[in-house]
Amino acid sequence: MNASGPGYERSPEEVRNKWRDFASVTRRRAAARKREAKKTGGGINSVPPLTAEEEKVLAILGPEALEGIP
């Protein structure tokens, strides 16, 4: 990470924490969108769509991140 460009250098622990926190927030937002979509009555989903970065994180984590292990 530190070799990718100039700026603040993070320790390995800081990088792990950043990933864990971002993945956790992404899972929560994706679960909220899914929960909102399953509500009765239809209509527009009130939870904002996921960003491109959040979509990439979910692709890395796989479907088990939201649905659990079958």
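Thr26 sits in helix H1, residues 12-37 (helices are DSSP runs of H or I, at least four residues, numbered from the N terminus). The model is predicted: local features need pLDDT of at least 70, side-chain atom pairs count only at pLDDT 80 or more, and totals for chains, interfaces and linings use all residues. Residues are numbered from 1 along each chain as its sequence is written, and side-chain values use heavy atoms, with hydrogens and water left out.

**Thr26**
- Thr26 is buried, because its relative accessibility is 0% (buried means under 20% relative accessible area, exposed over 50%, partly exposed in between; 1.4 Å probe, protein chains only).
- Beyond neighbours within four places in sequence, Thr26 contacts Glu54, Val57 and Leu58 (contact means heavy atoms within 4.5 Å).

**Salt bridge between helices**
- The whole structure holds four salt bridges (a side-chain nitrogen of Lys or Arg within 4 Å of a carboxyl oxygen of Asp or Glu).
- One of them pairs Arg29 with Glu54, with the closest N and O atoms 2.9 Å apart.
- This pair links distant parts of the chain: Arg29 is in helix H1, Glu54 is in helix H2 (residues 52-61), and 25 residues separate them.
- Arg29 is partly exposed at 24% relative accessibility, while Glu54 is buried at 7%.

- Glu13 and Arg16 meet through their side chains at 3.0 Å, N to O.
- Both lie in helix H1, three residues apart, about one turn of the helix.
- Glu13 is partly exposed at 41%, and Arg16 is partly exposed at 49%.

**Lys39 and Glu36**
- Lys39 forms a salt bridge with Glu36, with the closest N and O atoms 3.3 Å apart.
- Lys39 counts as exposed at 52%, whereas Glu36 is partly exposed at 21%.

Technical notes:
Helix = DSSP H or I, 4+ residues; strand = E, 2+ residues; numbered from the N terminus.
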